[in-house]
Amino acid sequence: MFHSRLHSFSRLMISLTLALLLTAGLVGLAGSATAQDRRQNTPGEFDFYVLSLSWSPSFCEEAAERGGRSQIQCGGRPYAFVVHGLWPQYENGFPEYCQRPSPRLNRNIVSSMLDLMPAPGLIFNEWDKHGTCSGLTDRNYFETIRKARAAIKIPAEYLDLSQAKTVAPAEVEEAFIKANPGLSNAAVSVTCNRTRLSEVRICLSKDLQFRACEEIDRRACRRDQLTMPPIRGG
């Protein structure tokens, strides 16, 4: 009888201990989730920017394959690298659509940005999805995009590409590093869409200085070779 009661008591204590551990774990998870939620999608609260530069000829070839073309970007004057966006980032993950509905974007600002971002729809989308997370006004956000783009020198070999070029992602990174003193492999990555070079992404601090970004680097293209279609068909 004594041993039976002792065995029952032991089982009860084990059950209580497991219950307490489970409760503590749930509290810990809830606490960490709440801490993340306080910052998630709060305008102005982020760690750094990613400046994304899109290789326009790749975009236009892919758009043509889908049966559509952006009249400004793909049908007008030739474009090489254009600005896709300037994206606020966390060290892990990123905010998006931080104000719903987003403040209305001034159309004069849209017109003023077409030299860097030659698609009005893109400009509106970047403001709604990313600009609202910057904590800046629409005018200051797009001024920051212009400053970030001005801080980056495009390698000379990509300025007037008249014939298709086969490149390795690492080769493109090294070209940007060589053209931009202070830029390192840890702060730049290349993305691809199937066999084409898609974008070069450069990580910048809030005051637009080069900085490392491990998560962005992990998302880089892993192909050995990529094609850079020529500007305007060559």
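Colleague: Why are strand 1 (residues 48-55) and strand 2 said to pair?

Modeller: Eight bridges join strand 1 to strand 2, and the two run antiparallel. Two strands pair if DSSP finds at least two bridges between them, so strand 1 and strand 2 meet the criterion. Within this arrangement, Ser-52 stands opposite Gly-85 in strand 2. Helices (H or I, at least four residues) and strands (E, at least two) are DSSP runs, numbered from the N terminus. The model is a predicted one, in which local features need pLDDT of at least 70 and side-chain atom pairs count only at pLDDT 80 or more, while totals for chains, interfaces and linings use all residues. Residues are numbered from 1 along each chain as its sequence is written, and side-chain values use heavy atoms, leaving out hydrogens and water.

Colleague: What makes strand 2 (residues 81-89) largely enclosed by the rest of the structure?

Modeller: Eight of its nine residues are buried, so strand 2 is largely enclosed. Buried means under 20% relative accessible area, exposed over 50%, and partly exposed in between, with a 1.4 Å probe and protein chains only.

Colleague: Why is Gln-73 called buried?

Modeller: Gln-73 has a relative accessible area of 7%, which is below the 20% limit, and therefore the residue is buried. Gln-73 is found in helix 3 (residues 71-75).

Colleague: What makes the pairing of Gln-73 with Ser-56 a polar contact?

Modeller: Their side chains come to 2.9 Å. A polar contact is a pair of N or O atoms within 3.5 Å; within protein, one must be able to donate a hydrogen and the other to accept it, and residues adjacent in sequence count only if both atoms are side-chain atoms. A polar contact of 2.9 Å also joins the side chains of Arg-201 and Glu-199; Arg-201 is found in strand 5 (residues 196-204).

Colleague: Why does Pro-120 count as partly exposed?

Modeller: Its relative accessibility is 32%, and this value lies between the 20% and 50% limits, so Pro-120 is partly exposed. Pro-120 lies in helix 5 (residues 120-129). Leaving aside neighbours within four places in sequence, Pro-120 is in contact (heavy atoms within 4.5 Å) with Ile-72, Val-110 and Leu-114.

Colleague: Which residues touch the most other members of the largest nonpolar core?

Modeller: Phe-81, Phe-142 and Phe-176 do, in a core of 46 residues. A second, separate core of six residues includes Val-50, Trp-87, Cys-213 and Ile-216. A nonpolar core is a set of buried Ala, Val, Leu, Ile, Met, Phe, Trp, Tyr and Cys residues joined through side-chain atoms within 4.5 Å.
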